[in-house]
Amino acid sequence: MHIGVIGSGRIGVMHAVNAAKHPGVTKVTLAARNVQRLEEAAQRVRAEISDSNTTVATTTDVAELLAEVTGVVIATSTPSHPALVRQAVAAHVPVLVEKPLALELDELESLAAELEAQPIPVMVAFQRRYDPAYQAVRKQVAEGRLGTVRGGRAMAHDRRQIDLDYIPHSGGIWRDMVIHEFDAIPWVLGDEVVEVFARGATLEEPTYQRHGDVDTAVVVLNFASGAMVTITSSRRNEAGQDVRLEVFGTKNTIGVGYDECLPVESVDPGAVDTGKRYEDFIARFEGAFEAEMHHFIQVIEGKAENLTPPSAGIASLKIALAAAESVRTGLAVKLDK
């Protein structure tokens with residue numbers, strides 16, 4: 001199998017490495033416009049898979065790439081996603097595209113309908129649906145092992161500040177960062193968000209405020225069942241990359257992200273801190289990204305269902321837009337059916 005990766009940034013490199021490590025992949029080709037960055041990315045991939053027989057190649061010609069590959073990963077800037085996905089589908093090449101597929105709701109709904117009307121699979125990279133831990137929580141909820149689900153809490157705290165040049169084009173904290181929670185939590189609970197109440201503040205980096213964004217956020221999701229989930233998000237907490245989810249019910253409480261790298265120092269007597277930390281979201285979700293690539297290859301082979309088709313991002317984008325509106329108005333926002 002020959003997998004193409006369009007994009008030479010760290011996400012593209014990560015996907016290329018994960019593809020190259022898959023036993024069914026014999027060649028990975030990276031594509032980008034900047035030749036120097038492209039070669040540097042290819043060298044990083046080769047270094048990561050030095051014990052593999054997978055060939056790593058490069059090209060600056062996307063059309064040439066699409067004529068050769070079995071599947072393609074799109075890991076470029078968000079504005080380029082719609083055109084590149086359409087180009088890949090027109091070439092009959094299955095796609096794994098980094099989220100978001102589109103930042104605006106009208107465009108996403110139109111594009112999702114267009115893409116899902118044709119037979120070529122397009123898988124959007126909401127990687128938490130492929131994370132074994134999140135899948136385990138979803139299974140326990142569905143099996144009733146928590147009893148009646150009352151709610152939960154989630155944390156999405158980045159360890160490092162993002163590149164300030166990225167802020168104006170990111171789509172804001174809700175569409176860029178917390179949208180992963182907005183996707184994963186309703187999926188885990190098997191429930192629908194009906195109301196959103198959010199607050200946000202800029203407590204450190206004024207660049208966020210200049211672009212109508214925030215670096216610190218809290219949101220409450222109200223679900224159709226009556227359950228409630230709170231989410232906190234922060235753009236920088238050097239204690240470590242901190243992404244957690246707890247779900248509690250009448251019988252039990254279960255959680256994700258409470259491992260040896262939990263970045264919480266306890267002052268309780270006898271508390272143990274391993275000192276280990278996740279450096280960034282790639283390290284935190286290493287297993288999820290690997291599982292996502294494995295699943296993508298199975299989708300290409302017709303052996304697995306696409307868990308994140310283009311329309312899967314519509315509900316989470318609606319929640320993100322409602323959160324932004326709630327911050328602007330100070331009011332809870334009900335979601336339209």
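The model is predicted, so to speak from the start: local features need pLDDT of at least 70, side-chain atom pairs count only at pLDDT 80 or more, and totals for chains, interfaces and linings use all residues. Residues are numbered from 1 along each chain as its sequence is written, and side-chain values use heavy atoms, with hydrogens and water left out.

A pocket here is an open set of points on a 1 Å grid over the protein atoms alone, where a 1.4 Å probe fits, with protein on both sides within 12 Å along at least five of seven lines; a lining residue has an atom within 4 Å of a point. Volume is the space filled by probe spheres set on the points, which are joined across faces, edges and corners.

| Pocket | Volume | Lining |
|---|---|---|
| Largest | about 1500 Å³ | 50 residues |

Start with the largest pocket: Ile11, Ala75, Thr76, Ser77 and Tyr166 lie nearest its centre. Helices α1 (10-21), α4 (81-90) and α7 (172-189) and strand β7 (149-157) each put in at least two lining residues, with α7 giving the most, four. Helices (H or I, at least four residues) and strands (E, at least two) are DSSP runs, numbered from the N terminus. The lining splits into 16 nonpolar, 18 polar and 16 charged residues. Nonpolar covers Ala, Val, Leu, Ile, Met, Phe, Trp, Tyr, Cys and Pro, charged covers Asp, Glu, Lys and Arg, and the others, Gly among them, are polar.
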